[in-house]
Amino acid sequence: MSKLWIRVLGPIGAELAGTPLRLSKSRHRELLGILAAARGRTVSTQRLVDELWEDAPSGAVGAVRTFIGELRRILEPDRLPRTPPTVLLTVGGGYSLRLGADDVDLWRVEQDAEAAAGLEPAARERVLAAALGQWRGTAFEEFGTRPWAMAERARIAELRATTVEQLADARLQLDRPQEVLALLDAHIGEHPWREEGWRLLALALYRTARQGDALALLARARATLRQDLGLDPGHRLAELEQRILRQDPALDPASGAVSDAGHDDGGSLLARTAAAASGTGTRAQLESVAGLLPVLAVSGSVRLAAEQRLAAIAAAEQFGDPELAARVIGGFEVPGSWTRSDDPAQSAAVVDAALRTLRILPSGASARVRARLLATIAMESRGTADRLAEAVEAEQIARQLNDPALLCFALSARYQQTFSTAGLAAARARIGAEIAALAVEAELPTFEIQGRLIRMQALCALDDLAAAEQEADLIDALAVRLDRGLATVFTGWFRWTFLQGPRPPDGDEMPGFRTGLPALAELTAALRAGTELPDGDFGPYEPWVRALLLARSGRAAEARAVLDVLPGPPRDLLLEVFWFLTGLAAVETGHRDAVRRAHRALLPAAGERAAGSAAIDLGPIRLLLERLR
């Protein structure tokens with residue numbers, strides 16, 4: 001090992017002969033993290049510019065060179081002037097970190113984890129325990145939300161989880177079950193979908209004479225897997241439960257039959273993604289893993305699929321095959337009904353990967369692959385960037401190819417780009433109708449559900465509740481037949497909001513849901529009943545909710561004061577929902593004409609596509625709020 005030691009498994013840092021080096025600038029730390037994540041491969045100057053700046057300044061390339069020069073002096077303080085660097089090298093049009101596997105904590109852990117597989121239990125335990133001790137926090141801690149770090153963090157989190165399980169397996173083979181209990185207790189909380197963690201912990205409980213606790217844990221594992229994945233446990237968990245019930249002597253440590261950690265019987269999708277990323281997997285393996293992610297998402301395991309998606313994308317990019325990367329990036333055919341991403345940072349990382357791949361896609365690449373990339377960019381940019389052009393191009397390609405599945409995906413992306421201003425509900429209703437019709441003809445039930453959800457939402461904004469309820473009935477029937485419970489989250493809130501149905505439970509699989517739809521639903525109920533809401537968190541809707549409630553209770557001056565400090569109406573669905581909900585209250589108070597006049601005032605001039613809220617006059621809103629008492 002050289003005297004230089006780089007740390008990225010936690011806060012990024014460096015030591016020379018045991019003495020910490022001063023990396024005072026965040027750019028130095030981020031550059032070091034990017035280069036360490038490349039594992040000795042060359043990182044182009046242009047990629048460094050793209051990673052360091054969202055909107056690169058004109059002198060960005062020069063700034064990168066300056067940062068590199070400063071970083072070289074920090075890492076090699078004793079290097080004489082005009083002598084070539086030996087750690088951070090210039091290679092072609094980029095830079096490479098040239099160190100041994102023992103000189104970077106991440107590289108050493110990866111090397112040790114691979115080497116441990118062939119060792120006897122005692123030696124394997126020592127190696128894996130040392131590897132686990134390298135973590136001082138989450139990888140690239142300071143830069144965890146940066147696009148370059150997100151896929152790496154997902155893969156490194158998988159590496160750590162696998163290391164924990166293999167260490168537990170080794171300790172069980174060494175008859176040290178008490179240590180396994182301490183090791184795995186937090187692990188299964190962080191990774192509840194990993195069956196191996198549950199199995200090893202149950203075995204450790206059994207070996208400490210806690211048979212009842214072991215069986216209770218396996219019952220909890222079964223309930224968790226069914227709830228999160230919609231799947232029954234694999235045969236290893238079921239087999240262990242039966243063996244515990246009959247107190248199988250083979251479970252005793254003296255038998256030597258302890259564990260089969262590492263055996264993958266379907267196992268963790270992330271494990272297979274990580275294997276592909278590390279070069280031990282195959283392209284077919286990677287594409288099969290990526291193909292499972294949409295299935296997980298539409299079955300309700302949105303969070304699980306999202307966590308694994310970036311790892312699959314990063315793995316695909318490491319093969320150096322743009323068309324493979326494009327298929328993996330664009331293969332996540334999950335229709336979107338929510339107008340904002342639940343995880344903006346993750347969506348930004350997906351968009352960045354799609355744009356990188358699009359730039360290097362060969363001219364002879366499949367038009368279908370290009371269309372999927374374009375649709376993915378538009379879909380993942382919803383609520384944050386105007387990507388209508390990409391959605392329209394994807395739609396045109398799909399129509400030329402006469403591919404109904406691709407066209408549904410492209411139209412879904414176009415729908416997500418149809419919230420730039422008020423007055424577009426009718427256009428969204430048409431998009432939803434076309435998606436549903438295409439899906440029925442081509443037998444694409446997931447897209448049929450999405451098309452009808454789009455129609456239901458748009459019809460609410462168009463004040464056609466009867467037609468919206470018909471769509472909700474069809475969606476519920478499809479959801480039951482196809483076991484797509486996630487769709488009923490939307491229809492349940494629709495019925496409570498507009499039809500006085502029962503209040504549904506919060507949608508735990510949709511983080512943005514809690515501060516989105518429920519807030520609007522609570523607002524509608526308050527407007528109808530003329531009551532105040534209890535104090536609560538309404539997220540981005542807070543000022544609008546408060547203003548309407550103040551106005552409804554006769555405190556127009558306070559409502560106007562709230563609106564006066566707002567930067568302008570939101571750019572997405574809220575504006576139309578706001579007017580429709582206000583219209584419901586206006587019907588009861590005889591002010592429907594005022595609502596209509598105010599709504600017309602919000603519409604952009606003919607042919608104008610409002611990019612924000614500059615063209616919207618808040619005067620009619622304030623006037624209407626004064627009248628709604």
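Leu 16 stands opposite Thr 19 in strand β3. This pairing belongs to a predicted model of a protein whose secondary structure comes to 28 helices and six strands. Of the 629 residues in the protein, 53% are buried.

- Strands β1, β2 and β3 form an open sheet in the order β1-β2-β3, with antiparallel pairing.
- The edges of this sheet are β1, residues 4–7, and β3, residues 19–20, each of which pairs on one side only.
- Strand β2 covers residues 13–16 and pairs with β3 in the antiparallel sense over two bridges.

- Strand β5 (residues 88–91) is joined to strand β6 (residues 94–97) by four bridges in the antiparallel sense.
- Two bridge partners in β6 can be named: Tyr 95 is the partner of Thr 90, and Ser 96 is the partner of Leu 89.
- β5 and β6 form a hairpin with two residues between them.
- In the turn of this hairpin, Gly 92 has a positive phi of about 60°.

**Helix α14**

- How many of the nine residues of helix α14 are buried? Seven of them are, so the helix, which spans residues 322–330, is largely enclosed by the rest of the structure.
- The buried residues of α14 are Pro 322, Leu 324, Ala 325, Ala 326, Val 328, Ile 329 and Gly 330.
- The N-terminal end of α14 is capped by Asp 321, which has a side-chain oxygen 3.1 Å from the backbone nitrogen of Glu 323.

**Helix α6 and Asp 169**

- Asp 169 is found in helix α6, which runs over residues 147–173.
- Is Asp 169 buried or exposed? Its relative accessible area is 5%, and because the cut-off for a buried residue is under 20%, Asp 169 counts as buried.
- The side chain of Asp 169 makes a polar contact of 3.0 Å with the side chain of Gln 173.

**Aromatic side chains**

- A search of the whole structure finds two aromatic pairs.
- In the pair of Phe 140 and Trp 148, the ring centres are 5.1 Å apart and the planes stand at 75°, so the pair is edge-to-face.
- The cut-off behind that description is an angle over 60 degrees between the planes.
- Phe 143 and Trp 148 form a tilted pair, with 6.3 Å centre to centre and 40° between the planes.
- Phe 140, Phe 143 and Trp 148 form one aromatic cluster.
- Phe 140 and Trp 148 are both buried, and Phe 143 is buried as well.
- Another ring has a charged neighbour: the charged end of Arg 160 sits over the ring of Trp 135, at 5.8 Å from its centre.

**Two loop residues with positive phi**

- Where is Ala 209 placed? Ala 209 is in the loop between α8 (195–207) and α9 (211–229).
- Ala 209 has a phi near 60°, a positive value in a residue other than glycine.
- The relative accessibility of Ala 209 is 74%, and on that basis Ala 209 counts as exposed.
- Glu 443 has its place in the loop between α19 (425–442) and α20 (445–461).
- The phi of Glu 443 is near 55°, which is likewise positive in a residue other than glycine.
- With a relative accessible area of 69%, Glu 443 is exposed.

**The protein as a whole**

- Among contacts in the protein with a separation of 6 or more, 64% come from residues 24 or more positions apart.
- The protein exposes about 27,200 Å², and carbon and sulfur atoms supply 52% of this area.

Key: Residues are numbered from 1 along each chain as its sequence is written. This is a predicted model: local features need pLDDT of at least 70, side-chain atom pairs count only at pLDDT 80 or more; totals for chains, interfaces and linings use all residues. Side-chain values use heavy atoms; hydrogens and water are left out. Buried means under 20% relative accessible area, exposed over 50%, partly exposed in between (1.4 Å probe, protein chains only). A polar contact is a pair of N or O atoms within 3.5 Å; within protein, one must be able to donate a hydrogen and the other to accept it, and residues adjacent in sequence count only if both atoms are side-chain atoms. Rings of Phe, Tyr and Trp (its six-membered ring) pair if their centres lie within 6.5 Å; planes under 30 degrees apart count as stacked, over 60 as edge-to-face and the rest as tilted. A charge sits over a ring if NZ of Lys or CZ of Arg is within 6 Å of the ring centre and within 35 degrees of the ring normal. Two strands pair if DSSP finds at least two bridges between them. Contact means heavy atoms within 4.5 Å. Accessible areas come from the Shrake-Rupley method with a 1.4 Å probe; for residues, only the protein chains shown count as cover.
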